[in-house]
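Reader: Hi, could you walk me through this one? I'd like to go step by step.
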There are 2 protein chains.
Amino acid sequence: MRAEIIAVGTELLLGQIVNTNAQYLSRGLAELGIDVYYQTVVGDNEERLKQAIAIGRERADLLVFTGGLGPTMDDLTRDALAAYLGRGIVLHEPTMNKITEMFASRGGSFVESNRRQALLVEGATPLRNDTGLAVGNALSVDGTHYLLLPGPPREMKPMFQNDGSTWLKQIVGPAETLHSVMLKFAGIGESGLEDLLIDLIRAQADPTIAPYAQEGEVTIRVSTKASSEQEAASKLEGTLIEIRKRTEAHLYAEENIPIEVAIIRLLTAQRRTVTLAESCTGGMVSQLMTTVPGSADAFVGGVVSYSNQLKHLALNVPMSMLEGTDAPGAVSGETAIAMAEGMRATVDSDFAISITGVAGPASSEGKPVGLVYIGIAERNKVTRVEQLQLSGDREGIRIRAAKRALYTLWLALTGRG
Amino acid sequence: MRAEIIAVGTELLLGQIVNTNAQYLSRGLAELGIDVYYQTVVGDNEERLKQAIAIGRERADLLVFTGGLGPTMDDLTRDALAAYLGRGIVLHEPTMNKITEMFASRGGSFVESNRRQALLVEGATPLRNDTGLAVGNALSVDGTHYLLLPGPPREMKPMFQNDGSTWLKQIVGPAETLHSVMLKFAGIGESGLEDLLIDLIRAQADPTIAPYAQEGEVTIRVSTKASSEQEAASKLEGTLIEIRKRTEAHLYAEENIPIEVAIIRLLTAQRRTVTLAESCTGGMVSQLMTTVPGSADAFVGGVVSYSNQLKHLALNVPMSMLEGTDAPGAVSGETAIAMAEGMRATVDSDFAISITGVAGPASSEGKPVGLVYIGIAERNKVTRVEQLQLSGDREGIRIRAAKRALYTLWLALTGRG
């Protein structure tokens, strides 16, 4: 079944809010085995809304609407659909009773426009609203299915999960549901990963293999349709084994988690600790580590040694290494090593990672923008350093340096570093 | 001029990412006086993309695409538009040179698929990509205008702001342009700000007053249409004076900058320095400060004292204050003061800000989630501390605590603290 999500609201077209409903519904429909082919946003305008319905009917079997069920004159979804289908509007008595009771209990005077929230397109199944007043609508006409949900996420989500899903399962029938495994990679770009897997990606049919890139990490989604978890697992197995074999040094998780979560889990399981000495990333790696609840046992803390003064005072990097004509300078392999060792020594952590580089926009110490050194000090091991030349703007370089530092730590924790 | 935003990417239809680009572009187009009538999302499928173009052409004068300009086989926007228009594809030599140079400088082998990022629809104006490789496309054919931007926000935004806006201003012509002033507020919520300005907001006609909230800060956009900067300034003046008068202790900028930029400017102008001692925010404030280019003179650095061990060793907080049955504990006003004073003493900075609190999800030291202390140590002043009870999830609490700490510093820097 092909679906289109139609969000109704001028506030979306003005950019006042982000269409998070579309993401939520896309995921929810995928889990029901329904493919979303389009998402559309249209303003609070009956004519344009009717046109969007006409277009949607041509290219989808199911139209899921959000928004336009509220009490104001701008709330037009129900009216537009009724007009488009040539149907009437009827009052849903239970909702009307709920609305009048609500106003009575609040002691407020009933505002007539609220009556609109109890209206249904003629023939529609009402969908209960547990967290608001507007009743949802579900109906099937001439082979097209229409699901009308409220706009506010806190009303839309429970309605979709409850009456909405029940109704959708009926119209989908006992079809096959989509099962996916998310593979997460670090230390490799999207194109590098595609090179490793190009023949699999070219030949894909079932399971499907879909790569996509975020800042500093790459995800591949391997999916198949199946009627049970077990059937899905056996259909996915061969592809997963092959991908694992080829990407072993980069595949840090088989679920949708960022690398910092994988790292905190490894540190916790190994009862080891890490500290951070950050210069150009300015606290970004620490911040990422501490997004993870329960990270306190594994992540001791760190120093954001943005100035040479603090590199010296907090991390014991010799001033002679940092400043002077013949000194290696703050952005150097020597300083990265000294930062990591100085940090590790402070609290005797199992690991310390250091990052120093030129994030730009201007070069520094005569060194080019994007030059970054990552140091890793590990108990009973020789401290290592890695030199990188990263591209991008200031923020891009910082993010890539931070993610690369996490990848370096992951390699060490998995015995690859 | 009527515009439609067409986002291309199966990851959007699967709900893997939110279409924040549509919001960004909707706002940006509104500022240029261009009305967005539709937003569409379509997958990485050439046939459906061509159909979306055909529909867009019927109902809009300008189609703004995001996504599908990257190196992989899934990146089809350029090809689909060329096929739809019956045009060829040509190589943009400067971009190709940039790509080969980038690979050469990295010492990596050139991956052939990257060549795709240098391709243009025949006759298109190339749009510079300052933060990535894929070149943008802009062209007008038979009265319809097409603007092709990359999908990753960090490439799309600068391209839209630079070459994209320049090209759009040409095609819009010298119509009445929307002129806006962005007012940025900290230390106050959206509803608090609305209370201060409710009569102005209710009575608004021209200029319009549009408030919207982000995490930890609030923006008000005051707008009018005018044919010159001068005319706009005189139309906006009265409203701005009144808003300034009422919101003086919260209005930190009259341009769209985050508070950390305002702070770095104030510190730099006053030749003063700051250090940070962060616990529950885990480096977030440091990270925000260092997003600002040139922050190194004002921001000396900091300590992410996530553990008691580091609070003691790096910041000299007495262990007797942190641990023991009668101790105030890590989350306390006493510790916030000791952290700030210990941090300031390390490098003798003009200010040190400390943050310690319970970000959750679990309570800590028997203290409730959301309890946060912010300390501020200032040269020649008594150290002050502020106790907050913040709401939200872990990330929400951390962001609000970080923004509040920045607001505290801003108050001190502007003589209000």
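Reader: Let's begin with B:R246: how exposed is it?

Author: B:R246 is partly exposed, with a relative accessible area of 27%; buried means under 20% relative accessible area, exposed over 50%, and partly exposed in between, with a 1.4 Å probe and protein chains only. Please keep in mind that this is a predicted model, in which local features need pLDDT of at least 70 and side-chain atom pairs count only at pLDDT 80 or more, while totals for chains, interfaces and linings use all residues. Residues are numbered from 1 along each chain as its sequence is written, chains are lettered from A and ligands numbered from 1 in the order in which they are written, and side-chain values use heavy atoms, with hydrogens and water left out.

Reader: Which residue does B:R246 form a salt bridge with?

Author: The partner is B:E242, with the closest N and O atoms 2.9 Å apart; a salt bridge is a side-chain nitrogen of Lys or Arg within 4 Å of a carboxyl oxygen of Asp or Glu. Both residues lie in helix 8 (residues 229-247) of chain B, 4 residues apart, which is about one turn of the helix. Helices (H or I, at least four residues) and strands (E, at least two) are DSSP runs, numbered from the N terminus. B:E242 is partly exposed too, at 22%.

Reader: And how many salt bridges are there over all chains?

Author: The structure holds 51 of them over all chains. One of them is formed by B:R154 with A:D393, whose closest N and O atoms are 3.1 Å apart. B:R154 lies in helix 6 (residues 153-172) of chain B and A:D393 in the loop between strand 17 and helix 14 (394-413) of chain A, so this pair joins two chains.

Reader: Is B:R154 buried or exposed?

Author: B:R154 counts as buried, at 14% relative accessibility, whereas A:D393 is partly exposed at 26%.

Reader: Switching topic, what is the strand order in the open sheet of 10 strands?

Author: The order is 17(A)-16(A)-15(A)-13(A)-14(A)-14(B)-13(B)-15(B)-16(B)-17(B), with mixed pairing; two strands pair if DSSP finds at least two bridges between them. Strand 17 (384-389) of chain A and strand 17 (384-389) of chain B stand at the edges, each with a single partner strand, so one side of each is left without a neighbour in the sheet.

Reader: How do strand 13 and strand 15 of chain B run?

Author: Strand 13 (residues 274-278) and strand 15 (residues 351-357) of chain B run parallel and are joined by 5 bridges. Among the residues involved, B:T275 has B:A352 in strand 15 of chain B as its bridge partner.
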